[in-house]
Amino acid sequence: MRIWVTAVIMSLQASLSLAYDIPKPVTHSDFPTLNINSVLLGRDLFYDPVLSGNRNISCATCHHPALGTSDGMSLSIGEGGRHLGPAREVINGQEPHTRIPRNAPALYNLGAFEYVTMFHDGRVELDAQARFGIRMPEGRRLERPVPNVLAAQAILPILSPDEMAGQEGENPVADAVAAERIHGLNGAWQMLAARVETIRAYRTRFDWVIGADEPIHITHIGRALADYIAFEFRATQSPFDAYIGGDHTALSAAARRGMDLFYGEADCAACHSGPLQTDHGFHAIGVPPLGPGKANGTAPHADTGRFAVSGIEKDAYCFRTPTLRNVALTAPYGHNGAYRSLRAMIAQHLDPIGALTGYDPAQAQLHDLPALPDDFAPQRDQEEMIRIAAASEITPRVLTQNQMDDLIAFLESLTDPNSERLQLGLPTHVPSDLPVDAPGTRRSTANR
């Protein structure tokens, strides 16, 4: 009798949960079929510093799988640093000019077909009117077609002086970028492609992918990087996936209550909708300003987000809705990493104005760089704070501590356990023979 009653209760709980707009399970059809030769090639390129101007930084430096495919920091150090994540330190005599102004986003599920925009402000996106159907930032138009926005995005950080290219005078790639010489035979992209072309092991492997008679182009590199990211960082085998696939024992009681809150009273799914918990839209939620900003607003440290791309007034201070898959692995949170825990990020959503005006700088995870401007100066700019507050579109809500616990339990159920066990593993050697970054001690997240 007790077993029967328990079964009935669990069935009723499942029925109540499914009454909300819970997404359909993710399937293989939601992702492209990939060429494994291209995937393996992309893996080595992802970890190889050869794509940086000074040959000292790889894509993995700020997007390492041991750090949730990010770097565990609110704002990263690019050029001028060594080591990974919280252990990254400044190289004497090569101090960075600035912090990277936005949080390094996680890479989980970016290969899914539903992704049609990239970056916090969506400055790379599908656009039928744009060259090759993908709109790129000014001066960075595509030279050839690429299969998706992820491949287009992958070839942009290598042009950033503070991320991978280096500063003018340090190397020919950086000089080309400083002169806005991006395209053509003498452009920065071609310089990097030519570097890869001269490495015999890379050339041989590109033969298998593009043919022996085809010179390596930057778009070939972008596609290989995108194929690796799409393959290795797919995260769709979480307890939540098992639950919506029919296994109603996959979630704990707390996670089921949190799911009901997420899709019900807390209204999280208003923005975090769909199978990957993102509407791919842009929203202003009043995250406190932090760091150097993008200098794209009235104040020099301002970051107006989507507005700087669209020019539409309502897009001011709007940023892209992040996916919540593996969110428990990807702290800090917010477009600038203002919050180091899920609980703090949820609290910000419940009372955005209060969180904005009462922000505790200890929430930020930053490297100690006293030579750079004060990271918290933007919060003393009263007019900028008023603009951020006025733009916020979130309606304040009240949740009890128990409800927050349940909501966090649900968010933790979105973690794919396979994400901490890479299918391909990390390379210990890359074809350029440059050193491969290896993590030190694993970062522990404090989401509660």
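This is a predicted model: local features need pLDDT of at least 70, side-chain atom pairs count only at pLDDT 80 or more; totals for chains, interfaces and linings use all residues.

Reader: Switching to helices, how do H2 and H7 pack?

Author: Helix H2, which covers residues 36–47, packs against helix H7, residues 200–210, at an angle of about 150 degrees, and their axes are 9 Å apart. Because angles over 145 degrees count as roughly antiparallel, H2 is roughly antiparallel to H7. The handedness of the H2 and H7 crossing is left-handed.

Reader: Which residues in H2 and H7 meet there?

Author: On the H2 side they are Asn 37, Ser 38, Leu 40, Leu 41, Asp 44 and Leu 45, and these meet Tyr 202, Arg 205, Phe 206, Trp 208 and Val 209 of H7. Sorted by class, the contact between H2 and H7 is made up of 7 nonpolar, 2 polar and 2 charged residues.

Reader: What about H10 and H15, at what angle do they cross?

Author: Helix H10 (residues 253–263) and helix H15 (residues 401–412) cross at roughly 95 degrees, with axes that come within 7 Å, and H10 and H15 are therefore roughly perpendicular to each other.

Reader: Which residues of H10 and H15 make that contact?

Author: From H10 the list includes Ala 254, Arg 257, Met 259 and Phe 262, while the H15 residues they meet include Asp 406, Leu 407 and Phe 410. By class, the contact of H10 with H15 holds 10 nonpolar, 2 polar and 2 charged residues.

Reader: Now the backbone: which peptide bond is cis?

Author: The bond from Ala 331 to Pro 332 is cis, with omega near 0 degrees. Pro 332 sits in the loop between strand S7 (319–320) and helix H12 (342–350).

Reader: Where is Arg 55, and what is its phi?

Author: Arg 55 is not a glycine, yet it has a positive phi of about 55 degrees, and it lies in the loop between H2 and strand S1 (81–82). I point it out because most residues other than glycine have a negative phi. With a relative accessibility of 41%, Arg 55 counts as partly exposed.

Reader: And what is the phi of His 83?

Author: His 83, also a residue other than glycine, has a positive phi near 75 degrees. His 83 belongs to the loop between S1 and strand S2 (89–90), and at 42% relative accessibility it counts as partly exposed.

Reader: Last one: how far apart are Gln 94 and Ala 390?

Author: Their C-alpha atoms are separated by 40 Å, and the two residues are 296 residues apart along the chain. Gln 94 itself lies in the loop between S2 and strand S3 (117–118), where it is partly exposed with a relative accessible area of 42%.

Note on methods:
Residues are numbered from 1 along each chain as its sequence is written. Side-chain values use heavy atoms; hydrogens and water are left out. Axes are lines fitted to C-alpha atoms, for helices over the stretch in contact, and angles run from 0 to 180 degrees between N-to-C directions. Helices (H or I, at least four residues) and strands (E, at least two) are DSSP runs, numbered from the N terminus. Angles under 35 degrees count as roughly parallel, over 145 as roughly antiparallel, 65 to 115 as roughly perpendicular and the rest as oblique. A crossing is left-handed if the near helix is turned anticlockwise from the far one by less than a right angle, and right-handed if clockwise. Contact means heavy atoms within 4.5 Å. Ala, Val, Leu, Ile, Met, Phe, Trp, Tyr, Cys and Pro count as nonpolar, Asp, Glu, Lys and Arg as charged, and the others, Gly among them, as polar. Buried means under 20% relative accessible area, exposed over 50%, partly exposed in between (1.4 Å probe, protein chains only).
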